[in-house]
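Notebook open, model loaded. I'll jot down what I look up as I go.

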Amino acid sequence: MNVMATDLFRILGKLHVDRFVMPILSLLYTVIYISAPLFPPDWAERIPLPIWKTIIALFGLLSACLLYWSRRAPLCVTTIEALAYIGLSAVTLDGSFLIPLVGALYFCVSLSPASKAVAGICETAIAVSVVTFGMHDGNMLFLEWAARMAAVTAVIAAAIAVRAYRIWREAEQRADRERIRTEMLTRQRNQAISRAQVAAELHDSVGHDLTTIIALTQGFAEATDVSELHAALKDIGQVAREGLADTRHAVHTLVQRHEELSLQEDAMETTQASDSRSGFGSTPHSLDEIDAVVAHARAAGLAVVLTETGRRCHDPEQDNLCFIICREAITNTLRHASEPTTIILSRDYGDDGTLHISLHDDGHMSEHPGADRKTPVKDHPGIGLKQIGEQCLQTHGSLSYGPDENGGWTVKATLPATGKKEDDSHD
């Protein structure tokens, strides 16, 4: 039933039927009033009856036509109709032309602000009271006034009901639009998060592998004197550099789009912690995988010292982020440091499960990370560390990096325990 009423109101609203109802009713009443036997008052006995009826009909027609503009200026039309009602009642010595006034009042109450609606009600009540008190006295006075005020009250109640329904519909439509907008932004946000995860996986996994290939081929090429092998290794290194440049360019594009969308969503509080923590690749990494990264660095000629103190808490999210930080730091050393020889990597677990990571290399560099002077490629520096820093903040941790006062480059991170155990990661 409610759905049928809603559909009916929607159809009527599109057709603007309510704009014509009151004018037509007022016009019909004027026609009926003129068609009935009509006798002018004593002061107009000398006016021929056809002329008298024509004058009344014209005033009734103007009042009916004026109702058509009630939607645009409800209070103004109500004021004019109130004056016309008083004037016609004084001329005809009856209060018959009440329909145009209550019609204007209907639009005034249903469409105007509260203050103007109250003003329209007051004007109508005053007009009805003036006409009634001017034409009646004694017992008939109260009965006539009550009858007219009952009609006015019924119109006011109908207008308030229509007003309340319109406000409810507008609120419902706003809620629907907001829900659709929220769903659209949430869908875009999820897509952006997915792209960011792919970008992080490309940057960390593919970027690290290509960097290791470049370092190994360059080191082996410098150690051999065979011209054919030297040329082949040079070609391999060049292909790897081009692949690394293309990969990092793709990563930068994906991250830039993600950041642009994030700026549009700053006003929305729809951030989901589970989505943000699942970044940097869809497959979580374990601490044991750091051994493979260390092996690559050692194969490239670096001495890597790895120490671990404290009791490991086996937190999957913490382990995954620790692996990402270590891989990124070692990759930056291989890629950007000048003549590094040693990497010192330490992991220290606190009593509360907090993990402190420190990685230091002894390479000589003027800027880190940045463009490699020996192997220049079209690069976008700082993407990896920036993304990792944001991930650390989301887990209430911290990440800092920069040149060490004793030379080389140092990366430090603090990762609090997330409270999840390794068995919970598969839930």
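Predicted model: local features only at pLDDT ≥ 70, side-chain atom pairs only at ≥ 80, totals over all residues.

**Surface and overall make-up**

How much accessible surface does the protein have, and what share of it belongs to carbon and sulfur atoms? I get about 23500 Å², with 61% belonging to carbon and sulfur. Areas here are Shrake-Rupley values with a 1.4 Å probe, and for residues only the protein chains shown count as cover.

Residues are numbered from 1 along each chain as its sequence is written, and side-chain values use heavy atoms, with hydrogens and water left out.

I looked up the secondary structure next and found 12 helices and five strands. These are DSSP runs numbered from the N terminus: H or I over at least four residues for helices, E over at least two for strands.

Of the 427 residues, 39% are buried. My cut-offs are under 20% relative accessible area for buried, over 50% for exposed, and partly exposed in between (1.4 Å probe, protein chains only).

I also checked contacts, meaning heavy atoms within 4.5 Å. Among contacts with a separation of 6 or more, 74% are between residues 24 or more positions apart.

**Nonpolar patch**

I looked for nonpolar patches on the surface and noted one made of F20, V21, I24, L25, L28, Y68 and W69. Together these residues have about 640 Å² of accessible area. Patch members need over 30% relative accessible area and no salt bridge; like charges are joined within 9 Å, and nonpolar side chains (Val, Leu, Ile, Met, Phe, Trp, Tyr) within 5 Å.

Where does Y68 sit? I find Y68 in the loop between α3 (49–66) and α4 (74–92). Y68 has a relative accessible area of 31%, so I log it as partly exposed.

Residues 82–107 come out 77% helix and 0% strand, with the end C-alpha atoms 14 Å apart. Residues 145–165 are 100% helix and 0% strand, and there the end C-alpha atoms are 30 Å apart.

**Aromatic pairs**

How many aromatic pairs does a search of the whole structure find? It finds two. Rings of Phe, Tyr and Trp (its six-membered ring) pair if their centres lie within 6.5 Å; planes under 30 degrees apart are stacked, over 60 edge-to-face, the rest tilted.

Y106 and F107 make an edge-to-face pair, 5.3 Å centre to centre with 75° between the planes. Both Y106 and F107 are buried.

Y165 and W168 have ring centres 5.8 Å apart and planes at 40°, so I call that pair tilted. They are three residues apart in helix α7 (residues 139–223), so about one helical turn separates them. Y165 is partly exposed at 21%, and W168 is partly exposed at 39%.

**Salt bridges**

My search of the whole structure gave seven salt bridges, each a side-chain nitrogen of Lys or Arg within 4 Å of a carboxyl oxygen of Asp or Glu.

In helix α7, R181 and E178 lie three residues apart, about one turn. Their side chains meet at 3.5 Å, N to O. R181 is partly exposed at 38%, as is E178 at 40%.

I also noted E183 and R179, bridged at 3.3 Å, N to O. They are four residues apart in helix α7, so again the separation is about one helical turn. E183 is partly exposed at 41%, R179 at 42%.

E308 and R312 form a bridge at 2.7 Å, N to O. Salt bridges that share partners join E308, R312 and R347 into one network. E308 is partly exposed at 32%, and R312 at 26%.

**Around T307**

What does T307 touch, leaving out residues up to four places away in sequence? I find L345, S346 and R347. T307 is in strand β1 (residues 303–309) and is partly exposed at 37%. I also checked T307 against S358: they are 51 residues apart in sequence and 10.0 Å apart in space, C-alpha to C-alpha.
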